[in-house]
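Thanks for coming. Please look at the screen, and I will go through a few parts of the model in turn.

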Amino acid sequence: MLRKTFLVIFAFLVFYFSDLPPNYAAFEEKGAGARPMGMAGAFTGVADDVNAIYWNPAGLAVVEELEAMGMTTRLFGLKDLTYYLFGGVIPNKKIGAFGLSYSQFGCSEYRESLTIFSSGQSLGSDVYFGFNVKIMSIKIKGASINSEYGRASAFGVDVGALADIGSKFRLGVMAVNLNSPRLGSCSENLAQMIKVGASFRLFSDYTTSLDLQLPMSLVMVEPEIRAGFEVILNRNFTLRIGVQNDPTRFTGGFGLCWKIFKFDYAFLSHPFLSSQHLFSFSLHLGNRTIEN
């Protein structure tokens with residue numbers, strides 16, 4: 001009963017705020033974490049590590065250990081499109097998990113920065129809820145002081161839900177920029193998206209995932225489809241592959257784990273532009289969930 005009630009409330013909030021046409025400006029999705037990107041970003045229904053801050057904050061509630069992660073990449077291999085990210089999560093048995101992330105994209109002439117404060121909570125009955133509060137800032141070097149595009153900021157809110165259905169199936173949903181944020185006096189909303197994902201684990205070491213992504217709008221458009229697969233070959237080595245339709249591309253990657261250290265790599269193809277390489281390094285500090 002609790003699960004059904006929560007999902008109904010969540011759906012109402014999403015569609016209540018989604019009656020605007022899709023507009024796009026800065027801060028379009030760039031992805032986060034080599035592990036999710038190696039699975040083509042089909043991570044909304046997985047969301048079981050520090051990367052949940054970006055992909056579905058409800059997943060923070062299932063993280064059982066302190067985690068910290070750093071990532072770097074160059075979009076399409078271009079130096080001026082350097083993108084890096086740092087994040088961490090602290091789980092707490094009594095009040096849920098909390099996460100913090102900071103990312104920066106661009107060069108000295110154009111720079112985007114994003115700070116995310118996250119929380120994930122268990123609602124019982126294997127249902128989890130999470131939210132992000134985001135500070136998004138943009139700076140264009142050389143713009144005049146009075147220019148509305150010289151420097152601007154916006155606050156964004158994401159909400160997510162996650163439900164374990166049995167021991168093998170997990171369903172996730174996330175609404176991005178639910179509050180229709182705008183940069184300064186710009187007339188366009190930042191990108192608003194609905195993500196629905198599912199993951200299935202026939203065996204504990206094999207994860208298959210599928211994501212559908214749609215802009216928050218009453219206008220019907222073809223969804224972006226992403227599918228990923230991860231297999232843990234042994235305690236130290238993991239392989240990943242993925243595919244998506246917009247743009248049409250293939251992804252792949254691997255993970256190396258040694259004690260508390262983990263290195264992840266992802267490769268992203270592109271039908272027209274250069275391929276992209278992502279590198280993540282993370283620390284997993286054992287089962288150190290805070291009790292109080």
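I start with Glu29, which is partly exposed, with a relative accessible area of 33%. For that word, the cut-offs are these: buried is under 20% relative accessible area, exposed is over 50%, and partly exposed is in between, with a 1.4 Å probe and protein chains only. What you see is a predicted model, so local features need pLDDT of at least 70 and side-chain atom pairs count only at pLDDT 80 or more, while totals for chains, interfaces and linings use all residues. Residues are numbered from 1 along each chain as its sequence is written, and side-chain values use heavy atoms, with hydrogens and water left out.

Which side chain does Glu29 meet in a salt bridge? The partner is Lys195, at 3.0 Å from N to O. This pair links distant parts of the chain, 166 residues apart: Glu29 sits in the loop between helix H1 (2-16) and helix H2 (34-38), and Lys195 sits in strand E8. Helices (H or I, at least four residues) and strands (E, at least two) are DSSP runs, numbered from the N terminus. Lys195 has 3% relative accessibility and so counts as buried. A salt bridge here is a side-chain nitrogen of Lys or Arg within 4 Å of a carboxyl oxygen of Asp or Glu. In general, side chains of opposite charge can pair when their charged atoms come close.

The next pair is Glu112 and Lys30, whose closest N and O atoms are 2.9 Å apart in a salt bridge. Glu112 is in strand E4 (residues 110-124) and Lys30 is in the loop between H1 and H2, so this pair ties together parts that are 82 residues apart in sequence. Glu112 counts as buried because its relative accessibility is 6%, and Lys30 is buried too, at 17%.

How many salt bridges does a search of the whole structure find? It finds 12. One more joins Asp264 and Arg240, at 3.0 Å from N to O. Asp264 is in strand E13 (residues 261-268) and Arg240 in strand E11 (residues 237-245), so to speak distant parts of the chain, 24 residues apart. Both Asp264 and Arg240 are buried. They also belong to a network of salt bridges that links Arg35, Asp48, Asp49, Arg201, Glu230, Arg240 and Asp264.

Now stay on E11. What are the neighbours of E11? Two strands pair if DSSP finds at least two bridges between them. Strand E10 (residues 224-234) runs antiparallel to E11 and is joined to it by 8 bridges; Gly228 has Gly242 in E11 as its bridge partner. E10 and E11 form a hairpin with 2 residues between them. With E12, E11 also runs antiparallel, joined by 9 bridges, and Arg240 has Gly253 in E12 as its bridge partner. A hairpin of 2 residues joins E11 to E12. Pro247 lies in the loop between E11 and strand E12 (248-258), and a cis peptide bond, with omega about 0°, joins Asp246 to Pro247.

Two residues other than glycine have a positive phi. Phe76 has phi near 55° and lies in the loop between strand E1 (67-74) and strand E2 (82-90). Asp126 has phi near 60° and is found in the loop between E4 and strand E5 (127-140). Phe76 is partly exposed at 23%, and Asp126 is partly exposed at 42%.

Last, the surface. Patches are made of residues with over 30% relative accessible area and no salt bridge, with like charges joined within 9 Å and nonpolar side chains (Val, Leu, Ile, Met, Phe, Trp, Tyr) within 5 Å. Accessible areas come from the Shrake-Rupley method with a 1.4 Å probe, and for residues only the protein chains shown count as cover. A nonpolar patch of about 930 Å² includes Ile165, Phe169, Leu202 and Tyr206. Strand E7 (169-176), strand E8 (193-200) and strand E9 (206-215) are the elements that give two or more residues to this patch. Leu202 lies in the loop between E8 and E9 and counts as partly exposed at 46%.
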